[in-house]
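Please find below my notes on the model you sent. They follow the order in which I looked at it.

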Amino acid sequence: MRGMQPVGILSTGSYVPERVLTNADLEQMVDTSDEWIVTRTGIRERRICSPEQASSDLAYEAAVKALQRANVAAEDLDMIIVATVTPDMLFPSTACLLQDRLGAKKAAAFDVSAACTGFLYGIATASQFIASGLYRYVLVVGVEALSKITDYTNRNTCVLFGDGAGAALLGPVPDGYGFQSFELGADGSGGPLLQQPAGGSRIPASSESVEKRLHYISMNGGEVFKFAVRVMNAATDAVLEKAGVSKEEVDLLVPHQANLRIIDAAIKRFGLSEEKVVVNLDRYGNMSSASIPVALDEALEAGRISEGDTVVLVGFGGGLTWGASLLKWTFQRV
Ligand code: ACO
């Protein structure tokens with residue numbers, strides 16, 4: 001990004017639904033136990049939408065907080081990018097629904113579909129528009145209502161997922177700060193390992209597709225696990241190298257929140273102490289594209305990020321996809 005306008009995250013906001021689904025609740029629904037879930041995943045509870053809530057409702061709450069904290073009006077937004085695999089509907093995009101609800105009249109709006117890596121794909125895209133000078137303020141929201149596509153009769157998946165939204169307002173920052181590097185990747189050959197098979201043009205909704213439970217998340221957990229550990233390490237290595245930063249200089253790692261064992265593998269590999277890694281999956285489970293921005297928002301709220309800190313965001317997900325970004329954090333704006 002040399003020679004271009006430096007771009008950073010000016011503010012964040014997050015929202016999770018009120019309803020809590022605990023491991024004890026899941027014990028009543030499928031053949032599982034709190035002990036199995038905690039030892040295999042680290043998850044203790046997750047938040048679940050009400051029947052009336054859709055992704056744009058969660059996104060709206062997170063977006064309003066981010067805009068208020070930055071003191072930027074919705075009318076001043078140039079673009080809205082929503083990362084989600086659980087849009088309100090196939091079209092119009094959830095970004096357009098959010099644009100209308102916020103009253104962000106001049107903002108272009110579109111969705112990004114990169115599953116759990118969606119927020120990273122979103123900020124990498126957004127930052128190009130600001131770095132080039134075309135736009136000033138871009139709102140990126142990672143939001144999921146995964147409970148709506150989770151099969152609560154399938155213990156392999158239903159213990160993992162939760163609902164939530166995290167928003168970040170991107171804009172210009174002083175030289176030397178903001179995003180220092182990005183790494184994005186995809187391996188479409190792994191698509192079948194993690195998918196929602198029906199509801200698109202391959203298998204349109206029919207009574208047969210519903211009977212076969214094809215509208216729910218289907219996942220090969222073991223294979224996704226191995227892939228996740230590999231790409232989290234590789235993507236983190238890549239952003240460190242591109243930014244010319246050593247792993248000892250990392251002040252905070254904000255990883256995708258899928259499984260504590262995946263995060264622990266990264267902690268071990270990079271020799272990070274626990275206070276340098278954000279973990280909130282015990283309370284929220286895997287919220288896919290919302291996991292990283294919610295974790296980042298909570299870290300900021302807890303005062304875990306200071307001026308000049310080196311912050312690494314890293315994630316992986318369906319697609320298969322992966323991504324990472326390294327920021328030199330600033331609370332200054334230009
Ligand atoms: N309760 C009790 N037993 C269970 C449960 C459960 N909830 N789920 C699976 N089991 C059983 C399995 O049936 C299996 O039994 P079997 O040996 O009799 O067949 C046994 O536990 C072991 O299953 P494994 O799959 O080997 O368990 P593993 O240790 O791999 O943990 C898990 C499974 C938690 C799913 C893990 O593989 C994982 O986290 N994978 C990554 C998932 C992930 O990150 N997904 C990302 C999604 S990102 C996105 O884009 C949405």
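Which polar contact joins the side chains of Ser-14 and Asp-297, and at what distance in Å? The first point takes this up.

1. The side chains of Ser-14 and Asp-297 are joined by a polar contact of 2.7 Å. A polar contact here is a pair of N or O atoms within 3.5 Å; within protein, one must be able to donate a hydrogen and the other to accept it, and residues adjacent in sequence count only if both atoms are side-chain atoms.

2. On sources: this is a predicted model, where local features need pLDDT of at least 70, side-chain atom pairs count only at pLDDT 80 or more, and totals for chains, interfaces and linings use all residues. Residues are numbered from 1 along each chain as its sequence is written, and side-chain values use heavy atoms, with hydrogens and water left out.

3. Ser-14 sits in strand β1, residues 7-15 (strands are DSSP runs of E, at least two residues, and helices are runs of H or I, at least four, numbered from the N terminus). Ser-14 counts as buried because its relative accessibility is 11% (buried means under 20% relative accessible area, with a 1.4 Å probe and protein chains only). Leaving aside residues up to four places away in sequence, Ser-14 touches Ala-62, Lys-65, Ala-165, Gly-166, Val-294 and Asp-297 (contact means heavy atoms within 4.5 Å).

4. The protein is divided into domain 1 (7-177) and domain 2 (179-328), with bounds from an automatic or database domain assignment. Taken over C-alpha atoms, the domain centres are 14 Å apart. Domain 1 puts 54 residues into the contact and domain 2 puts in 50 residues.

5. The ligand lies between domain 1 and domain 2, because both give residues to the shell around the ligand. Of the 25 residues around the ligand, those that come nearest are Thr-32, Arg-40, Cys-116, Arg-155 and Asn-259 (a residue is near a molecule if one of its heavy atoms lies within 4 Å of it). α8 (221-243) is among the elements that supply at least two residues of the shell, and α8 gives the most, with 4 residues.

6. A nitrogen atom of the ligand is 2.6 Å from an N or O atom in the side chain of Thr-32. For Arg-40, an N or O atom of the side chain is 2.8 Å from a ligand oxygen atom. A polar backbone atom of Gly-318 is 3.0 Å from an oxygen atom of the ligand. The protein covers 72% of the 1,000 Å² of accessible area that the ligand has on its own (Shrake-Rupley method, 1.4 Å probe).

Notes
Buried < 20%, exposed > 50% of the residue type's maximum accessible area, 1.4 Å probe, protein only.
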